[in-house]
Amino acid sequence: MIFQNLLASTSALLVALVQLGSMDVMGSSKGIKVLPVDLSPSIVYVEKDGIKGFIYPEDWDDNDARVMCKQLGYKSGVALGPWDLVRLQPNATFGAIQVWDRDNYRLVCAEGFDDLAAQAVCRSLGFTYGKSICCSAFGRMEYSIVYSNINCTGIESSILECDYVKYFANCTSEHYASVACSNNPENEEFELKIHQSGKVTTRHFDNSGFICANDFDDTEATVICKEMGYKGGSAYFHSRHTKYSTVPLLGVPWLANIACEGTEKYLGKCGKINWGSVGTCDENRLPAVYCYNKTGFSLALVNGADKDNGLVVFTVDDKEGAICLRDSVTEERQKLAAIVCKQLGYRNGGLLLNGTDAENEFTARKLFPGKSDMFITKIKCKGNESSLAECTFRILEGRYDFPEDWISITLDGCQNSSCYRARSYNRGYAFLNELSCWAGKRRLVVKCFL
């Protein structure tokens, strides 16, 4: 066994599971004291010459645990571990800081937690540099905030070497601290990417991430698209409530409230590029952009009996699209019709066709023939919005050009032929539903009221 200083740089401890109650004794051997165990399971701490430490996890097994527990006066013990003393969730290089304490993990308060403290955390995990990510950046955590008033000087190799308050946490914000770690020092460099789905992602400090939806609008979209060589861009939002928008897949919430003016040629020139300082990131929406070279997003009613009703179409550059009602029910469609009419300057609105789905599709295809180049679909609105920009939706362009996360039904995890057959059938049916929009079906037709 290797005795290691408790304050030394490490993220792993060993745990011996004792089978009897706690005892007020300390075992001792050759000047090394084994400190009392008062919980089960518990980390094994030792003391030599007044220095507290723990046992390094290499080769620790049940035989060692039994000897250790007998030395403490117990009947026997079982080895558990190695156990992470300090860890990050949800990823090994970024996440909420979780510190093992007695019988569970605890969180660190975000108030006053800075880059020096982040560096101490990352050093204990084997990295050279750290960056504070504020605040409660990775969603809800099951653990309580116990550590607060963290004060590090920059020389510490573990957050436990810093000054802190424990159990009497002064954390009025109730936000926990998070970090991103790297072996390269932070600089102003970053990578920007627009995915096929329109989603915008960034990579900074060796960690991939995203931009929060907070105050993200057409000005930010325009700057991002200009950086990619386009004339301008329109902003819209994806829903974060999909299995492809979970925290581990999204990465670090790097930016929020960027405050672009729209005249900048690069995102880095916008007013508030504060990496990792995102405040409270929007948990429901994820920014996306549609880039253009001629004209941006516009909405209109066409082919109606008068100017106040018709097929809802949108145009970008020379392309025309419609709104596909593939997933919605009648109540949701009525809400959507009202939102579209409000965006067009009307007081309210509703569906023009109120028959059965089959009747509506037949009438719509007769009154509004033709096909569209693209579609807005997967729309989710609350009903109180005044424009589509306040909802979440996806833009689908190209008949068979589905983004990687479009069809939620996959063959992953299938272990037998019956599973493959069932999933393949359901996946094929989902594709047919998507393609129905291109056949001229399920398009939004509205009547608006002044």
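Here are a few questions and answers on the disulfides of this predicted model.

User: How do you know that C109 and C171 form a disulfide?
Analyst: Their sulfur atoms sit 2.2 Å apart, and the cut-off is within 2.5 Å, so the pair counts as a disulfide. With 85° about the S-S bond, this link is right-handed.

User: What does the pair C109 and C171 tie together?
Analyst: C109 is in the loop between strand 11 (104-108) and helix 2 (115-124), and C171 is in the loop between strand 14 (163-166) and strand 15 (178-182), so parts 62 residues apart in sequence get tied together.

User: Why is the disulfide of C341 and C448 called left-handed?
Analyst: Because the torsion about its S-S bond is about -75°. The link runs from C341 in helix 5 (residues 330-343) to C448 in strand 28 (residues 445-449), 107 residues apart.

User: What makes C381 partly exposed?
Analyst: C381 has a relative accessible area of 28%. Buried needs under 20% and exposed over 50%, so a value in between counts as partly exposed. A disulfide joins C381 to C391, and C391 counts as buried at 1% relative accessibility.

User: What is the handedness of the disulfide of C381 and C391?
Analyst: The torsion about the S-S bond is about 115°, so this one is right-handed.

User: How many disulfides are there by this rule?
Analyst: The count comes to 9 disulfides.

Definitions and conventions. Residues numbered from 1 in each chain as written. Predicted model: local features only at pLDDT ≥ 70, side-chain atom pairs only at ≥ 80, totals over all residues. Heavy atoms only, no water. Helix = DSSP H or I, 4+ residues; strand = E, 2+ residues; numbered from the N terminus. Buried < 20%, exposed > 50% of the residue type's maximum accessible area, 1.4 Å probe, protein only.
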